[in-house]
Amino acid sequence: MSKISYYSLTEKKPEKYISYLEKLSTKEWSEKRDSIIKRDKFTCNTCKLTATIFEKDFMYRKKTEEETQEYKKDIANSFYNAILPEFKSQYDKNTLPQFLTFQKNLIIKPEQIILQVHHKYYILNNLPWNYLDDSLITLCDKCHQKIHNVSDIPIYSDNSMEVKLDYTKCGTCNGSGYIPEYHYYMNGICFDCSGNKYIELK
């Protein structure tokens with residue numbers, strides 16, 4: 001289903017009545033979001049997990065390199081302990097026997113990995129897509145929330161970025177605009193600040 005353009009939204013009602021959620025539902029944001037996630041190779045910049053893939057009603061993702069190595073060690077330990085216990089001292093238990101290496105790229109079935117695009121800073125009255133690509137990064141929803149929990153994302157009065165505003169983060173979502181545990185309803189948009197992140201913008 002095609003998304004509505006921001007221009008079409010402004011034809012239906014005044015710009016000041018268009019919510020942040022509606023802006024994030026536009027064609028413009030969808031295209032910007034997709035381009036950033038594609039640039040970042042569908043991977044969270046922090047935890048390095050890749051997006052969940054849905055195929056034939058099956059949910060999975062490829063293992064990270066670290067997970068692959070850990071998996072190989074676990075299999076090697078199990079193999080030597082269970083099958084060749086009398087010879088285990090003769091082998092490197094962190095190395096898989098050659099005939100087991102076909103399993104090293106096994107895909108795993110995890111919890112859903114939801115990718116979002118994070119703004120490193122905000123500019124008052126800027127539309128979500130009117131930012132330089134360098135100011136946007138891909139994060140999974142958990143890492144995105146963590147950044148907002150522990151950091152104050154700067155908000156500036158205009159594009160000159162000379163005046164930093166002292167706005168108050170929404171206490172419900174910690175300024176992320178999302179509540180991850182409610183991702184299934186209205187895309188998890190914060191019901192308290194309506195996705196606007198700051199109390200002053202409610």
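S135 counts as buried because its relative accessibility is 3%. Buried means under 20% relative accessible area, exposed means over 50%, and partly exposed is in between, with a 1.4 Å probe and protein chains only.

A word on the source. This is a predicted model, where local features need pLDDT of at least 70, side-chain atom pairs count only at pLDDT 80 or more, and totals for chains, interfaces and linings use all residues. Residues are numbered from 1 along each chain as its sequence is written, and side-chain values use heavy atoms, with hydrogens and water left out.

Back to S135. Where is S135? In the loop between strand 4 (122-123) and strand 5 (136-140). Strands are DSSP runs of E, at least two residues, numbered from the N terminus. The S135 side chain reaches the backbone oxygen of L132 at 2.7 Å. Leaving out residues up to four places away in sequence, S135 touches H118, H119, K120 and Y121. Contact here means heavy atoms within 4.5 Å.

Now the surface. Y182, Y185, M186 and F191 form a nonpolar patch. Together they have about 500 Å² of accessible area, by the Shrake-Rupley method with a 1.4 Å probe, counting only the protein chains shown as cover for residues. Patch residues have over 30% relative accessible area and no salt bridge; nonpolar side chains (Val, Leu, Ile, Met, Phe, Trp, Tyr) are joined within 5 Å, like charges within 9 Å. M186 sits in the segment after strand 6 (155-156). M186 is partly exposed, because its relative accessibility is 44%.

Next, charges. Side chains of opposite charge can pair when their charged atoms come close. How many salt bridges does the structure hold? 5. A salt bridge is a side-chain nitrogen of Lys or Arg within 4 Å of a carboxyl oxygen of Asp or Glu.

I'll take some of them.

- K13 pairs with E22, at 2.8 Å from N to O. K13 is partly exposed at 28%, and E22 is partly exposed at 24%.
- D34 pairs with R33, at 3.3 Å from N to O. D34 is partly exposed at 40%, and so is R33, at 28%.
- R39 pairs with D40, their closest N and O atoms 3.0 Å apart. R39 is partly exposed at 36%, whereas D40 is buried at 15%.

Last, confidence. pLDDT is the predictor's confidence in each residue, from 0 to 100. The protein chain averages 79, and 75% of the residues score at least 70. Over residues 98-107, pLDDT stays under 50. The model has 12 contacts beyond four places in sequence for that stretch. Where pLDDT is low, the predicted coordinates should not be read in detail.

Notes: Helices (H or I, at least four residues) and strands (E, at least two) are DSSP runs, numbered from the N terminus. A polar contact is a pair of N or O atoms within 3.5 Å; within protein, one must be able to donate a hydrogen and the other to accept it, and residues adjacent in sequence count only if both atoms are side-chain atoms.
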